[in-house]
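This report describes how parts of a structure meet one another. Please consult the sequence and the structure shown here.

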Amino acid sequence: MHAVPRPVEMRMLLPLVVLVPLGFAVTHIAQSGALDPGPLGLAIAYVGLMLGAHLALRLTGQRGDQLLLPAVATIGGVGMVMLNRLPQGGLGIDLPGVHLGMATTQLLWFAIGVSAMVAVAVGFRDDGFLRHYKYTWALAGALLLVLTFLFGREVNGARLWLYLGPIGFQPGEAIKLVLVIFIAGYLAEKRSLLAGASARLGPLRLPPLPYLLPMLAIFVIVMLIVVISRDLGTALLFLGIFLTMLFIATGRRSYVLIGLLLFVAGSFVAYQLYEHVRVRVDNWIDPFADPSGTGYQTVQALYAFGRGGIFGEGLGQGLPTISGHLPIPALPTDFIFAAVAEELGLIGALALLALVLVVVFRGLRTAMLARDDFSAMLAVGLTISLGLQTLIIAAGNVKVIPLTWITFPFVSYGGSSLLTSFVVIGLLLAISHRSALDSEAREQGS
Amino acid sequence: MIAVNIRRLAFYLVLSFAVVAGGLSWWQVVDAQRLATRQDNPQVIAARRSAPRGAIFDARGQLLASSVVVEGTSRRTYLDPAFAQVIGYASLRYGTTGVERAWDDLLTGRADPNPLRELVDQVLARKPESKDLTLTIDKRLQDFAAAKLGKNQGAVVAIDPATGAVLAMVSSPSFNATGFSGDPEAAQAAWDAVAGDPHNPFVDRVRQGHYTPGSIMKVLTTAAALDSGAITPQTTFADQPRQETEGFLVDGFTVHEHGLGRIKPALWNLSPALQVSSNIFFAHVGLEVGADRYLDYARRFGFCSSIRLGTGTRYLTVDPSYVSAPADGDCAAFADRVELANAAYGQAQVDVTPLQMALVAATIANGGVVPQPYVVRDLRAHAASPADGPSPTILESYAGGGGHRAISSGAAAEVRSAMIDAVQGPIGKLYAGAGAVTLYGISGVSTAGKTGTAERSGGLSPHSWFIGFAPAQAGATPSIAIAVIIEGSGDGNVRAAPIGGAVMAEWLKLLAGG
């Protein structure tokens with residue numbers, strides 16, 4: 001384990017040293033009207049955390065992709081600035097004797113997430129335990145699912161939480177990771193069999209049925225999540241991950257199309273069965289039909305986009321409160337993208353999406369350079385889990401699709417999401433580290 | 001193999017992000033303005049609550065409405081209840097109406113007529129600057145008309161026929177909006193008092209009043225008939241004198257004449273027929289015009305769809321007027337000849353607003369061109385001290401624009417001549433009544449006009465109508481066209497015509513510098 005320089009990562013992280021504290025100061029000045037930078041402790045701690053992660057990767061000889069961490073740190077920096085400038089009441093956690101505000105809590109989760117990322121990136125040297133025990137992982141995921149259905153608490157008619165003492169956790173996030181690992185393991189092994197066609201169903205050419213069955217099982221489980229948890233956003237995300245990985249393994253667009261058609265059919269059933277799904281879809285079609293009732297948050301989010309315009313209202317200048325309350329109650333979690341778009345404008349919102357695309361492209365690059373099929377499938381699955389999640393929530397915010405309650409990775413308030421997202425980055429770093437080692441070995445051998 | 005698929009995936013992902021970026025651009029650029037002006041936008045609410053809303057002045061710079069901010073809350077004062085419906089109100093609690101609503105984004109300063117300056121303001125995040133409005137209405141004429149209406153329910157609307165500028169528009173009963181446009185906590189009692197009034201003061205009768213026109217409709221019928229060539233001013237109907245006593249049988253329905261009083265039926269052409277206001281003559285004329293042509297001419301005068309007071313994106317809306325049954329924002333085809341014959345003298349399904357009828361009079365006065373009416377003349381920088389008059393800085397001027405031709409100038413001149421006779425001819429003078437004659441006190445000035453008595457079903461007392469314009473003598477350019485309605489007050493000659501005459505005379509006096 002020799003220290004290696006990570007010069008690109010270092011250079012790309014440096015602007016944050018200025019930008020994040022500046023963002024905190026600007027919002028403080030805009031809101032208080034006083035010309036002082038205000039408390040910068042959280043900003044400095046945040047930047048220190050990211051630089052610390054850089055140092056840890058460097059000292060442990062991590063050779064993984066150098067753009068992932070700076071991109072993620074910048075996205076997270078935007079999120080921290082926004083969360084710090086919002087009213088802190090309401091969200092946060094109550095530890096014995098002390099209440100941590102929203103931004104402080106989020107920073108705490110950042111610390112945990114970044115630590116987990118470094119631990120995974122450095123410690124994950126052998127993927128055997130993932131690859132060989134894929135069915136065990138699948139079983140663990142299924143168990144978690146069952147536990148959630150049995151003991152979970154319901155929020156917003158859909159979201160399911162498991163509580164350990166005062167700290168809530170969304171098992172969906174962990175299940176997402178397990179799902180990716182299992183599908184990657186299974187597809188890497190059976191890829192050639194699935195890609196070849198030997199069974200026919202009408203005009204469709206299908207792979208041999210025994211290999212198709214576990215795939216169908218995954219699909220059925222995803223649809224069960226739709227029906228039982230009534231959480232369309234998570235279901236769409238899981239299905240999207242599954243179909244994308246299937247496409248990567250087989251190159252068949254027809255699988256994706258069939259899967260999506262089945263999802264639309266399933267959603268239609270959910271629309272018929274569940275009131276809250278119906279409300280969500282109706283609001284999507286016309287939020288102004290009931291602008292002060294069920295369409296309220298959607299309408300308010302559209303207003304936020306409209307107020308932002310091209311250049312934004314400026315950090316700290318937007319989001320008018322009505323007698324001290326935010327117009328959008330779920331702003332820190334589900335509508336954080338609307339808040340960013342209001343204060344930083346179209347330009348800022350597009351920049352944020354572009355940063356996510358940077359992460360996605362580095363992830364896909366990692367997959368293309370991966371040394372074996374399993375690593376490649378794993379990298380694609382992890383990458384797409386971040387990319388699709390961003391797409392689904394952003395598209396829901398701008399009303400391209402019905403709104404679903406999932407988080408904007410690295411930006412939304414929420415510990416489970418942050419921790420999982422950082423583990424994803426850690427795994428990507430580990431995969432690209434191993435392919436970097438391989439290519440070095442090849443160069444030395446030649 | 002996997003690498004190829006990953007490249008394809010990257011393409012689809014970029015495509016999906018582009019779709020989201022497109023959605024984002026839609027709300028943030030294309031649709032931003034519409035979102036920004038919606039009444040429940042918290043930004044609008046906050047701006048309205050604390051912004052010093054712009055002032056509103058009359059055509060001569062007299063202050064009509066202004067706001068002051070007291071303890072962070074904007075309080076609006078309305079100085080003249082005669083303007084209550086046209087200006088409307090801007091209440092923190094009860095919303096906005098009238099000009100206050102249509103020009104809300106400019107009055108609160110959320111918008112700027114200059115897109116470049118708006119962009120610069122946005123980039124620099126400048127605080128919105130409220131702007132002031134000047135109306136086309138002259139407070140002196142408005143107050144005069146309101147005083148003439150007195151406690152009657154009804155409306156007066158006067159238009160400059162050449163420009164379309166509204167000179168006065170009064171709806172009675174009125175109200176004072178100051179009580180509920182200030183402190184939201186204290187607003188309810190003042191609001192309840194107006195909202196509970198059974199005579200509906202909130203309704204702007206000029207734009208939203210729906211009335212049967214009665215005989216004033218004969219002006220439109222005459223215009224259509226002369227322009228289409230269906231009749232000439234000399235045309236007579238041989239059976240008409242006999243039908244005056246026996247009734248005119250149209251497809252099984254008998255059109256009866258109203259009481260002619262001392263007038264003996266004779267073989268009338270247009271002028272005497274309009275003077276005595278013969279229903280039977282105009283039923284004949286309507287049938288000569290024919291259903292399709294009648295509808296066509298009605299539409300040319302503005303019937304069958306809503307009229308805008310103002311052009312561009314900011315205007316007051318006038319409810320549509322109909323000559324037949326309404327059908328999806330248009331006039332339905334006439335059901336039969338009976339309906340057409342009755343519509344031609346202003347009964348059957350005909351349903352009009354006072355503004356539409358003032359526009360009919362203005363069109364005849366304007367040589368057959370329908371002027372585009374408007375009520376806000378210009379937008380100005382916010383006056384430092386509104387009580388001392390408006391700022392000299394005009395940011396944007398509004399005008400009615402050219403209007404559009406409905407009938408030829410020759411036909412318009414023939415209608416004008418018949419309308420002069422209808423109030424000044426030997427018989428017309430008797431019908432229009434002594435009241436309208438006050439106008440003729442100004443030497444050398446002629447008036448053109450038509451009275452109306454709109455029969456109402458259910459034994460209700462008829463509405464009294466008058467439309468007209470002045471000066472109407474040959475060679476003169478009319479400077480005012482008017483419509484007056486007094487609800488449920490009986491014959492047109494008794495109530496509406498004198499008020500119409502007095503308001504027109506007052507305007508001519510004001511123009512002469514009196």
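## Two helices of chain A

In chain A, A:Leu68, A:Ala71, A:Val72, A:Thr74, A:Ile75, A:Val78, A:Gly79 and A:Met82 of α3(A) are in contact with A:Ile336, A:Ala339, A:Val340, A:Leu352, A:Leu355, A:Val356, A:Val358, A:Val359 and A:Arg362 of α13(A) (C-beta atoms, placed from the backbone, within 7 Å). Helices here are DSSP runs (H or I, at least four residues), strands are E runs of at least two, and both are numbered from the N terminus. This is a predicted model, in which local features need pLDDT of at least 70, side-chain atom pairs count only at pLDDT 80 or more, and totals for chains, interfaces and linings use all residues. Residues are numbered from 1 along each chain as its sequence is written, while chains are lettered from A and ligands numbered from 1 in the order in which they are written.

The packing angle of α3(A) and α13(A) is about 165°, and their axes lie 9 Å apart; the two helices are therefore roughly antiparallel (an angle over 145 degrees).

## The contact between the chains

Chain A contributes 43 residues to the contact and chain B 31 residues. On the side of chain A that touches chain B, the largest share, twelve residues, belongs to α13(A).

The table divides residues by class: Ala, Val, Leu, Ile, Met, Phe, Trp, Tyr, Cys and Pro are nonpolar, Asp, Glu, Lys and Arg charged, and the others, Gly among them, polar.

| α3(A) with α13(A) | 14 residues | two residues | one residue |

Key. Axes fitted to C-alpha atoms, helices over the stretch in contact; angles between N-to-C directions. Parallel < 35°, antiparallel > 145°, perpendicular 65-115°, else oblique.
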